[in-house]
Amino acid sequence: MKAVVVNQESNGVEVVEHEMPTIGHGEALVKVDCCGVCHTDLHVAHGDFGEVPGRILGHEGIGIVEEIGEGVTSLKVGDRVSIAWFFEGCGHCEYCTTGRETLCRSVKNAGYSVDGGMSEYAVVTADYAVKVPDGLDSAQASSITCAGVTTYKAIKEAGAAPGQWIAVYGAGGLGNLAVQYAKKVFNAHVVAIDINNDKLELAKEVGADLIVNGKEVEDVGAYIQEKTGGCHGVVVTAVSKVAFNQAIDSVRAGGTVVAVGLPSEYMDLSIVKTVLDGIRVVGSLVGTRKDLEEAFAFGAQGLVVPVVEKVSVDEAPEVFEQMEKGTIQGRKVLDFSK
Ligand code: NAD
Ligand code: ZN
Ligand code: ZN
């Protein structure tokens, strides 16, 4: 079967002929329909979280269950399911039992610690694969499997309420969905910040009330404070320390900055401002199975419409290059259906 794997020698990724996986107890074999390319795949390919040569990438996989292993009761053949970054938790630790399963210390992550969704066939742990509701296109569901659920969860973490201002730094694959969830699901006012005008135009099209080019405005934080009175919550998806620092300056007293992007850097955090303004800074990692179920439902209702473009699997290396250059609008989704 065809698969996209990590290969540092060929600029990070390579499309290869890979042996078929086999399933064990509690697992299901999924015939992959499509898999989105997330910036996290680029981090994995670059070895930013440790080197994983030969690993099948991908955690925005969507496919149809073709076979179930012994003991599987939660899935049946023919179900349409997701292959997500949160691939499996231990099920019994303090995080798994308190609604914070993505923080499980024994977690398995698709496309990083276990093989992911960028292959014609993939294996899932049946109880952890979330079903895709009818009426939601597979390529759009693919984008929700990581970009959607991550930003939906991050906006929850920001404590967004109707009528409040939410800032979204980075208007790429995650950012354009963050704008949509903030606007259409949480009824917030949204300001989108990027350094690329094409991405900002897209953010505007999908609902941003205000757009700001971080390279054209001199003091981004002060500008946003002036226009909004200070944001109640900020979600940072940009892969840049600069954006994290501007995010702190955009928030009002009592506000929350939610860190989502993963640049390998440190952010500057004024202790005085953090204390005197009562700012909360929190990290947010994808979402639980329940969060994904909710994020899918808003997609199926048509409230959130991911901007996706299907491309052939052989184009994967070029898509990774485009991701690195920042030239992708929304998400490119590898099409395994052909
Ligand atoms: P992307 O490349 O599609 O989007 C990143 C966007 O940030 C681009 O539009 C780029 O122009 C913009 N940007 C770059 N520098 C900026 C700056 N200084 N100010 C404002 N915008 C700037 O990537 P993506 O797929 O949306 O992923 C974004 C980040 O989120 C990656 O680091 C990825 O690994 C991470 N991520 C985290 C989680 C999580 O659970 N926390 C989940 C998925 C992805
Ligand atoms: Zn991702
Ligand atoms: Zn656990």
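How far does a polar side-chain atom of H43 lie from an oxygen atom of ligand 1?

Reply: The distance between a polar side-chain atom of H43 and an oxygen atom of ligand 1 is 2.8 Å. The model is predicted, so local features need pLDDT of at least 70 and side-chain atom pairs count only at pLDDT 80 or more, while totals for chains, interfaces and linings use all residues. Residues are numbered from 1 along each chain as its sequence is written, chains are lettered from A and ligands numbered from 1 in the order in which they are written, and side-chain values use heavy atoms, without hydrogens or water.

H43 makes a polar contact (a pair of N or O atoms within 3.5 Å) with ligand 1. R331 also places a polar side-chain atom 2.8 Å from an oxygen atom of ligand 1. In the case of L174, a polar backbone atom is 2.8 Å from an oxygen atom of the ligand. Taken alone, ligand 1 exposes 870 Å², of which the protein buries 93% (Shrake-Rupley areas with a 1.4 Å probe).

Helix α1 gives the most, with three residues. There are 28 residues around ligand 1, and H39, T40, H43, D194 and V286 come nearest (a heavy atom within 4 Å makes a residue near). By kind, the shell divides into 14 nonpolar, eleven polar and three charged residues; Asp, Glu, Lys and Arg count as charged, and Gly as polar. Ligand 1 lies between domain 1 (2-146 + 287-335) and domain 2 (148-283), because both give residues to its shell; the bounds come from an automatic or database assignment.

The zinc ion (ligand 2) is coordinated by C38 (SG), H59 (NE2) and C146 (SG), at 2.0 to 2.3 Å; donors are N, O and S atoms within 2.8 Å of the metal (3.2 Å for Na, K and Ca), with water not among the atoms, so sites may look incomplete. C146, in helix α2, and H59, in the loop between α1 and β4 (60-68), link parts of the chain 87 residues apart.

Conventions
A polar contact is a pair of N or O atoms within 3.5 Å; within protein, one must be able to donate a hydrogen and the other to accept it, and residues adjacent in sequence count only if both atoms are side-chain atoms. Helices (H or I, at least four residues) and strands (E, at least two) are DSSP runs, numbered from the N terminus.
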